[in-house]
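I opened a new notebook page for this chain.

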Amino acid sequence: MVDLACLRPLDRETVVASVAKTSRAVIFEEDWLSYGVGAEIAASIAEQTFDFLDAPVRRVAAAEVPLPYSKPLETAALPGADDLEETILSVLEGSGIGSSSNPTVLEPSR
């Protein structure tokens, strides 16, 4: 797992090295799926490590709604550990690799 504590400058070398090692990437963020930092990181991965990837880059993000003030609605709108686990397992199963392999999970800072 790579935790991107700093987004500017983005440590692309670490990201590329990790994806080259694992052949997979899952990006987790609490922002919307579209037009966010995760989309930029996914594009960078696709451009720089395409030949290493054994599965598509997957992203786990918040629902495309304004963030609700109500705590139960906020919890429903934000991605959680279950969403992340489900995505990681689908990446591993879809590529024919067992659960012993670990995809690169990128967590942009919030």
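**Confidence.** I began with pLDDT, which is the predictor's confidence in each residue, from 0 to 100. I need that here, as the model is a predicted one. I read a chain average of 85. I also noted that 85% of the residues score at least 70.

Which stretch has a pLDDT under 50? I found it at residues 96–101. For that stretch the model has 5 contacts beyond four places in sequence. Where pLDDT is low, the predicted coordinates should not be read in detail. I then compared the elements. Strand E4 (residues 104–108) has the lowest confidence, at a mean of 61. Helix H3 (residues 71–77) has the highest, at 94.

**Fold.** I counted 4 helices and 4 strands in the chain. Along the sequence I wrote down the pattern β-α-β-α-β-α-α-β. The chain has 110 residues, and 36% of them count as buried. I looked up contact range as well. Taking contacts between residues at least 6 apart in sequence, I got 73% joining residues at least 24 apart.

**Helix H1.** I turned to helix H1, residues 12–22. Which of its residues are buried? I listed Val-15, Ser-18, Val-19 and Thr-22. Why do they share a side of H1? They cover an arc of only 95° around the axis, so they fall on the same side of the helix. The general rule is that an α-helix has 3.6 residues a turn, so residues three or four places apart point the same way. On the other side of H1, I found Glu-13 and Lys-21 exposed. After H1 comes Ser-23. I noted its positive phi, near 65°.

**Largest pocket.** I looked for open space next. The largest pocket holds about 170 Å³. What lines the largest pocket? I wrote down Leu-7, Arg-8, Pro-9, Leu-10, Arg-12, Val-37, Glu-40 and Ile-41. Helix H2 (residues 37–49) gives the most to this lining, with 3 residues. I sorted the pocket lining into 5 nonpolar, no polar and 3 charged residues.

**Largest cavity.** How many cavities of 30 Å³ or more does the whole structure have? I found 1. The volume of the largest cavity is about 60 Å³. Its lining includes Leu-10, Asp-11, Arg-12, Val-15 and Val-16. Also in the cavity lining are Ile-41, Ser-44, Ile-45, Gln-48 and Thr-49. I checked which helices take part. H1 and H2 each supply at least two lining residues. H2 gives the most, with 5. By type, I sorted the cavity lining into 5 nonpolar, 3 polar and 2 charged residues. I cross-checked the lists. Leu-10, Arg-12 and Ile-41 are among the residues lining the largest pocket, and they are among those lining the largest cavity. Val-15, which lines the cavity, is one of the buried residues of H1.

**Ala-62.** My last entry is on strand E3 (residues 58–62), where Ala-62 lies. Is Ala-62 buried or exposed? I read 9% relative accessibility, so Ala-62 counts as buried; the cut-off for buried is under 20%. I set aside its neighbours within four places in sequence and listed its contacts. Among them are Glu-29, Glu-30, Asp-31, Trp-32 and Leu-33. Ala-77, Leu-78 and Pro-79 are also in contact with Ala-62. I checked Gly-80 too, 18 residues from Ala-62 along the chain. The C-alpha atoms of Ala-62 and Gly-80 are separated by 9.0 Å.

Technical notes. Residues are numbered from 1 along each chain as its sequence is written. This is a predicted model: local features need pLDDT of at least 70, side-chain atom pairs count only at pLDDT 80 or more; totals for chains, interfaces and linings use all residues. Side-chain values use heavy atoms; hydrogens and water are left out. Buried means under 20% relative accessible area, exposed over 50%, partly exposed in between (1.4 Å probe, protein chains only). The arc is that of the directions from the helix axis to the C-beta atoms. On a 1 Å grid over the protein atoms alone, a cavity is a set of points where a 1.4 Å probe fits but cannot get out, and a pocket is an open set with protein on both sides within 12 Å along at least five of seven lines; lining residues have an atom within 4 Å of a point. Grid points are joined across faces, edges and corners, and a volume is the space filled by probe spheres set on the points. Ala, Val, Leu, Ile, Met, Phe, Trp, Tyr, Cys and Pro count as nonpolar, Asp, Glu, Lys and Arg as charged, and the others, Gly among them, as polar. Contact means heavy atoms within 4.5 Å.
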